[in-house]
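Please read the following briefing beside the sequence and the coordinates.

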Amino acid sequence: MTTHPPRWLTVPALLTIAGVFAYPLLRAAWLSLQALNLNTQLQPVFIGWANYQRLWGDSRFWGDLFNTSVFTITSVSLELVLGLAIALLLHQPSRWRGPLRTIALLPWVLPTAVMALGWAWIFNDPYGVWNDWLQQLGWIAAPINWLGNPGWAWLTLVAADVWKTTPFVAILLLAGRQAIPEDLYEAHRLEGATAWQSFWQITLPLLRPQLAIALLFRSAQAFGLFDLVKVMTGGGPANSTETLALYAYTTALRYLDFGYGATLAIVTAAILAAGLGLIWSLGRSRSTLS
C-alpha cells in the first residue's frame, strides 16, 4: 500500500514561491494601475487602465515586442538544432568524451554579463578580433561596425546567445539520449534500417520530452532577455535591438516612471505566459495524437 506524505509539508515551499513570485507580481499589477512618476512627485495616483491604453498606442512597445519575438524564435531554433547535434556527438564513444563534455558546458557556466562583455570586445569596430580575422583572410577590406548597424547588431546578439545557451540544450538532450536503450537501435539495424532512419524513428520521437522542456525553458529565458542586450548594445543603435525587458527597465529605473514600467512588465509576463501555454498545449496534443 502506497502512502503519501502529508500535504502540509508543501506549505513552506508554497510560501516561498508566494514570496518570490506572487507578491512581486501582485505589486506590479497594483503599480500598473497607478501614475507613479516625477510628475506625481513619486506618489501613487490611481488612474485605472490609463497605462494600458497608453501601451496600446506605444509604437516603441510594439517594435520591442517584434524584436523580442524574432530574437526568441531565431535563437531558440538554432539552439535546439545545434544542441541536438552536439548531444549526439557527445554521446559517441570516445576516450575524450569526459573532457569534451566538460568543455562543452563551460559557456553555460560563465556569467552572462561577463560573457557579453567579451563578445562586445570581439565585435568591437576598430579593435575587435573578429574584424581582424576577416581582414587577414581578405574577406573584408575595412572593419565592419557590427554593433553600430541594426542588422549586424541583431546577428551578434543571436550569435552570443546561441554560444552561451546551446550547451544547456545539449546537456539536457544528452541525458535524454543516454536513457534510450541501445537494444532498440540494435533491433532496428537488424531490420535493415539505416542510421538516418533510426534517428527519425527512434531518437527524435523518444527525445520529444527533453526537446519540449528545452523549448519551454529557452523560450522563457530568451523572451525575457535583458543582461546580454544591456551589456552588448544597450538596446541600440536607435533602440533597434531593444527588448521588452530592457524597455521596462529603462522606463522604471532611468525615467522613474514606475507605473508605466510595471505595466510593461505585466504585459510582457502575460504574453510570455500565453506563449508558453500555447507551446505546452500543442506539445500535449501532439503527444496524445501520437
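In this predicted model, the count of salt bridges comes to six. Among them is the pair of D257 and R54, whose side chains meet at 2.9 Å, N to O. This pair links distant parts of the chain, since D257 sits in the loop between α12 (244-254) and α13 (258-289) whereas R54 belongs to helix α2 (residues 50-56), 203 residues apart.

**Salt bridges and their surroundings**
- D257 counts as buried at 10% relative accessibility, while R54, at 43%, counts as partly exposed.
- R218 forms a salt bridge with D161, with the closest N and O atoms 3.0 Å apart, and this pair joins helix α10 (residues 208-223) to helix α7 across 57 residues.
- R218 is buried with a relative accessible area of 3%, and D161 is likewise buried, with 5%.
- E79, D161 and R218 are linked in a network of salt bridges.
- R189 and E186 form a salt bridge at 2.7 Å between the closest N and O atoms, and because they lie three residues apart in helix α8 (residues 182-190), about one helical turn separates them.

**Helix α7**
- The 29 residues of α7 (residues 150-178) should span 42 Å at 1.5 Å a residue, which agrees with the 42 Å between its end C-alpha atoms.
- α7 bends by about 35° at T165, and the proline P167 follows within four residues.
- N149 caps the N-terminal end of α7, with a side-chain oxygen 3.0 Å from the backbone nitrogen of G151.

**Surface patch**
- V11, which is placed in helix α1 (residues 11-31), is partly exposed at 39% relative accessible area.

Note on methods: Residues are numbered from 1 along each chain as its sequence is written. This is a predicted model: local features need pLDDT of at least 70, side-chain atom pairs count only at pLDDT 80 or more; totals for chains, interfaces and linings use all residues. Side-chain values use heavy atoms; hydrogens and water are left out. Helices (H or I, at least four residues) and strands (E, at least two) are DSSP runs, numbered from the N terminus. The expected span of a helix is 1.5 Å times one less than its number of residues. The bend at a residue is the angle between axes fitted to the seven residues ending there and the seven starting there. A polar contact is a pair of N or O atoms within 3.5 Å; within protein, one must be able to donate a hydrogen and the other to accept it, and residues adjacent in sequence count only if both atoms are side-chain atoms. Buried means under 20% relative accessible area, exposed over 50%, partly exposed in between (1.4 Å probe, protein chains only). A salt bridge is a side-chain nitrogen of Lys or Arg within 4 Å of a carboxyl oxygen of Asp or Glu.
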